[in-house]
Amino acid sequence: MAGLEVRGASFTYRGVGGDVAALDGLHLAVADGEPIAVIGPSGCGKSTLLLLAAGLLSPSQGEVAVGGTPVAGPRLTTALIWQDFGLLPWKTVLANAALGLQVRRIGRVERLERARASLARVGLGEFEDAYPGELSGGMRQRLALARALALEADLLLMDEPLSALDALTREDLQDLLLELWLQRRHTSVLVTHSIEEAVYLGRRVIVLTPRPGRAAAEIDNPRMGEPGYRDTPEFYERCAELRHLLAAEGAVGGGPAVDGGPS
Amino acid sequence: MTGSLTRKLVGYLGAALVLLVGWQLLSWAVGSPALPGPLPALAAFVTSFATDLWPHLLSSARRVLAAIALGTVLAVPLGLVLGRSPRLDAVAAPMIFLTYPVPKVVFLPVLLILLGLGDTSKIVLITLIVFFQLLVTARDASRAIPPGSVLSVRSLGAGRADVFRHVVFPATLPDIFTALRIGTGTAVAVLFLAESIAGRTGLGYYIVDAWGRLSYDAMFAGIIGMALLGVALYEALEFAEARMCRWTRVGR
Ligand SMILES: Nc1ncnc2c1ncn2[C@@H]1O[C@H](COP(=O)(O)OP(=O)(O)O)[C@@H](O)[C@H]1O
Ligand SMILES: [Mg+2]
């Protein structure tokens with residue numbers, strides 16, 4: 001069981017230049033096995049939300065629970081994937097994929113076996129001796145995914161994982177994310193800047209308000225995951241709906257402006 | 001592997017040739033017995049090596065190796081911990097800022113008086129020098145690690161020891177090797193000074209002794225020995241870095 005529950009969570013960064021309220025009384029419930037997307041303008045607290053869910057920060061008010069248990073620190077089968085930094089450049093692809101298992105003191109033989117299996121699953125089987133510096137951006141995100149798979153993660157937290165990729169690679173990786181979810185049915189929280197990505201990969205899409213973050217609106221997207229969904233009129237309708245919602249929240253001035261670069 | 005080794009060898013031979021030719025020209029231009037040409041100097045090195053030079057080379061090598069090893073083992077863990085722990089660093093940083101700029105070599109007389117003319121005083125002096133260079137480098141390098149790298153490993157459930165093993169140590173290793181290579185140069189220089197002032201062993205003593213006897217060929221044999229010692233240390237570090245930091249050489 002890996003449903004995520006955020007109950008009135010607030011978080012304030014205490015900085016040198018003063019305090020920043022990143023989240024303010026956020027409520028969010030993600031059912032076990034449900035894939036959701038979170039979208040909102042830069043600085044609205046999306047990354048903070050994931051750090052809270054991953055147990056790397058604790059809320060200053062409210063509560064975050066995974067699988068019914070309050071989060072008190074990193075959890076064994078939660079995986080956090082983000083755009084930079086996730087991989088260690090000094091470790092080979094295989095060692096990176098096995099890192100989570102190594103930190104969890106899984107024996108060498110089992111660790112490497114599981115890491116190899118997950119590398120094969122994301123199409124990196126032939127690159128296990130390479131270093132991340134030798135991989136393309138898309139391959140690096142595949143590697144980050146392989147690490148999560150090796151952990152047998154039941155909760156995937158992804159912070160704009162594809163926003164640095166070119167359009168074609170990004171669609172490839174979106175298809176891989178969808179395929180993995182269809183096979184594994186893990187709970188998934190995808191933070192994204194892209195309206196199309198949110199609608200393609202989120203059965204629900206949550207819109208956060210600008211600073212401090214609160215869930216302002218959400219759209220239901222029940223046909224997410226159906227074959228060929230990206231080419232249906234319904235897909236475009238959902239995208240348009242989401243775009244209008246964001247415009248109403250003052251997040252964008254309409255049009256594809258949200259689909260900008262990383263924050 | 002063999003290809004790069006051959007290329008390296010050719011490079012070395014070329015550089016050596018240029019140096020030898022330059023040396024010969026300089027020796028002709030100066031025209032003094034104090035600067036013999038490379039041929040008599042190398043001949044003197046070969047003949048004296050087998051007889052009286054090698055024990056001196058050995059004691060110099062032993063001293064400098066012991067000091068570098070000791071300085072590294074003491075400085076690197078301490079520097080890495082200070083760089084990662086703002087509280088400890090707040091205590092230690094003023095000490096480091098006050099002591100780092102003081103040239104340690106001025107303590108040579110004190111060390112000679114307190115620790116005698118033998119190995120200990122020389123090893124302690126060089127250890128001090130290597131220690132401070134590595135301490136400052138390790139501290140700065142571990143402070144500069146991107147917080148995201150640490151967070152990513154912590155999100156996997158890593159504790160402090162795991163963070164050091166998987167992030168802090170490997171991330172700072174290239175900087176530590178750079179500091180070691182620079183420190184090795186200083187170490188050999190200080191070794192020469194210490195050996196030339198005190199004791200009757202080591203290449204520093206050998207060189208200054210030959211100088212006093214106006215035996216310039218022997219003096220140059222000693223100089224060549226000292227140069228070889230420096231080159232060997234540098235190459236050993238280069239080799240170790242190539243093995244331990246393979247990732248810095250890929251994807252560029
Ligand atoms: N380490 C930090 N220290 C101080 N302020 C921070 C820190 N991280 C984020 N913030 C601030 O908190 C707010 C929310 O940040 P973040 O969660 O990264 O938003 P998002 O991911 O939606 O762009 C922003 O205003 C940001 O400037
Ligand atoms: Mg962010």
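**Close-up 1. Ligand 1 and the side chain of Thr48(A).** In this predicted model, an oxygen atom of ligand 1 lies 2.5 Å from an N or O atom in the side chain of Thr48(A), a polar contact being a pair of N or O atoms within 3.5 Å, where within protein one atom must be able to donate a hydrogen and the other to accept it, and residues adjacent in sequence count only if both atoms are side-chain atoms. The protein covers 68% of the 560 Å² of accessible area that ligand 1 has on its own, with accessible areas taken from the Shrake-Rupley method with a 1.4 Å probe and, for residues, only the protein chains shown counting as cover.

**Close-up 2. Backbone atoms and other surroundings of ligand 1.** A polar backbone atom of Lys46(A) is 2.9 Å from an oxygen atom of ligand 1, and a polar backbone atom of Cys44(A) is 3.2 Å from an oxygen atom of ligand 1. Ligand 1 is surrounded by 13 residues, the closest being Gly43(A), Gly45(A), Lys46(A), Ser47(A) and Thr48(A), where a residue counts if one of its heavy atoms lies within 4 Å.

**Close-up 3. The interface of chain A and chain B.** The contact (heavy atoms within 4.5 Å) takes 23 residues from chain A and 21 residues from chain B. The two chains bury about 2000 Å² between them, 67% of it on carbon and sulfur atoms, buried area being the accessible area (1.4 Å probe) that two parts lose on being put together, summed over both. In chain A, the residues that lose the most area to chain B are Trp90(A), Val103(A) and Tyr131(A), together 31% of what that side buries.

**Close-up 4. The salt bridge between the chains.** Arg105(A) forms a salt bridge with Asp162(B), with the closest N and O atoms 3.1 Å apart; the term requires a side-chain nitrogen of Lys or Arg within 4 Å of a carboxyl oxygen of Asp or Glu. Between chain A and chain B the count is one salt bridge, and five residue pairs are in polar contact, both residues at pLDDT 80 or more.

**Close-up 5. The two domains of chain B.** The domain assignment, which is automatic or from a database, gives domain 1 (1–31) and domain 2 (36–249) in chain B. Six residues of domain 1 of chain B are in contact with nine residues of domain 2 of chain B, and the area buried between these domains is about 590 Å². Lys8(B) forms a salt bridge with Glu235(B), the closest N and O atoms being 3.3 Å apart.

**Notes.** Residues are numbered from 1 along each chain as its sequence is written, while chains are lettered from A and ligands numbered from 1 in the order in which they are written. Local features need pLDDT of at least 70, side-chain atom pairs count only at pLDDT 80 or more, and totals for chains, interfaces and linings use all residues, while side-chain values use heavy atoms, with hydrogens and water left out.
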